[in-house]
Amino acid sequence: MSYFDGKLKLIVASASGVEAVTKRELTDMGYEVGGAYYGRIPFEGNFRDLAKVNVSLRTANRVFVELFSFHAETFDELYDGISLFKFENLCSRDARIVVNAKSISSKLFALSSIQSICKKAIVTRLCDRYALPFLNETGATYAFEIFIDNDEVKVLLDTSGWGLHKRGYRNFVGEAPIRETLAASIINLSVWNKERALIDPFCGSGTIPIESALIATNTAPGINRAFAFEEFNGVNKKIIEEVREEARANINKDIKLRINAFDINPKTIKIAQKHAQNAGVSDYIHFQTADMRDLSSRYQYGVIITNPPYGERLMKENELRTLYRDFGKVFRSLNDWSAYVITSYPDFERCFGRKADKTRKLYNSELECVLYRYLGAKPPKKKE
Ligand SMILES: C[S@@+](CC[C@H](N)C(=O)[O-])C[C@H]1O[C@@H](n2cnc3c(N)ncnc32)[C@H](O)[C@@H]1O
């Protein structure tokens, strides 16, 4: 009997600003979710659900299992509380134990002390139950998160391993790439759907066009990567394979898309093409080396989704302002198009020459950015 055979309290963590998008992904998958706290969305499920959300969620960072919770105001109470849990039912005798901590409005707040005390409590319990002088930690990694909020300690187990933004297709480093999860969130927030043309004029390593093609073909983002939970003690590998098989069977390759990815740098375009091949979507994206200033389209009602250079490392401020100004002119020359632009440059709207009709604060890793939305006309309804 494995710990994962019963009902599990699953917690999906997503980045600040995209919780609502992740929540919608979960409800679209049929889950009934509870109220989000600090970017964490709880719901109940079983091991199959755990595998399914890890493989399928596009916008979440990680999936945890909440193991237990208790009240602690002192390090002694913390040690004792942790020691009570039957870690031997979860971890094998060669488990590698990693502990991270977060603390909000609590008496215990020194994170490195919280981490080392909890690790000591877990390792001591395992050594005791397995009658070992020490834990050699050569086996599967169990990464625990100790989340303390108002002196309530929640002990979570990370089931994802690498963050879910690591899909496995992006193996070359581009200049300032956008996180895959953030790209997917912006696409989900946009009006784009597979009937409309999409252009990323500053495509870099190809993340936005690739994530768009993955969404349109219904390709689960985690289909080709490994997860921490696969190595856990006694998990049912058959269920994991079934979940992957089901995800593969749901891919819809039989569609036509109008996704265009441009970049001024030919080397970058080569990298983006390689990434699209890795992701299995190169047939759906037209890549081309081009200056944004030469952009035009014969389509109406298309959508630009892009992450242009934002200065800092990439270019000087006066060049950046000119680039944004020219980008604004190009956008206004397109017929009934919408645009979604994410940048950390604070004076973007003035340079672009138009105030956005909606803005949203988002984070690209740690960098605070704003998503600017310029909504064009809706396409006419198709006649039945
Ligand atoms: C922030 S990066 C885009 C990163 C991309 N979203 C990714 O995930 O890799 C901006 C890109 O704009 C490109 N670029 C700069 N000036 C350009 C121009 N005038 N026309 C087209 N692309 C340009 C750069 O070569 C760079 O790849």
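This is a predicted model: local features need pLDDT of at least 70, side-chain atom pairs count only at pLDDT 80 or more; totals for chains, interfaces and linings use all residues.
1. Let's start with the open sheet. Six strands make it up, and reading across gives β2-β1-β3-β6-β5-β4, with mixed pairing. The edge positions belong to β2 (40-45) and β4 (96-104); each has a single partner strand, so one side of each is left without a neighbour in the sheet. On average, neighbouring strands here are turned by 30° against each other, direction ignored.

2. Next, have a look at the β2 end of that order. Strand β1 (residues 8-14) and β2 run antiparallel and are joined by six bridges. To find your way in, pick leucine 8, whose bridge partner in β2 is glycine 45.

3. On the β4 side, a helix comes into view. Helix α4 (residues 111-130) lies across β4 and β5 (141-149). Its direction is at about 140° to β4.

4. A handy landmark is asparagine 260, which stands opposite histidine 286 in β9. Together with helix α8 (residues 266-279), β8 and β9 make a right-handed β-α-β unit.

5. Finally, the ligand. Which residues are closest to the ligand? They are Pro177, Phe202, Gly204, Ser205 and Thr207, out of 22 residues that surround it. Sorted by class, the shell has twelve nonpolar, seven polar and three charged residues.

Terms used:
Residues are numbered from 1 along each chain as its sequence is written. Two strands pair if DSSP finds at least two bridges between them. Helices (H or I, at least four residues) and strands (E, at least two) are DSSP runs, numbered from the N terminus. Axes are lines fitted to C-alpha atoms, for helices over the stretch in contact, and angles run from 0 to 180 degrees between N-to-C directions. Two residues are in contact if their C-beta atoms, placed from the backbone, lie within 7 Å. A crossover is right-handed if, with the strands pointing away from the viewer, the path from the first strand over the helix to the second runs clockwise. A residue is near a molecule or strand if its C-beta atom, placed from the backbone, lies within 6 Å of it. Ala, Val, Leu, Ile, Met, Phe, Trp, Tyr, Cys and Pro count as nonpolar, Asp, Glu, Lys and Arg as charged, and the others, Gly among them, as polar.
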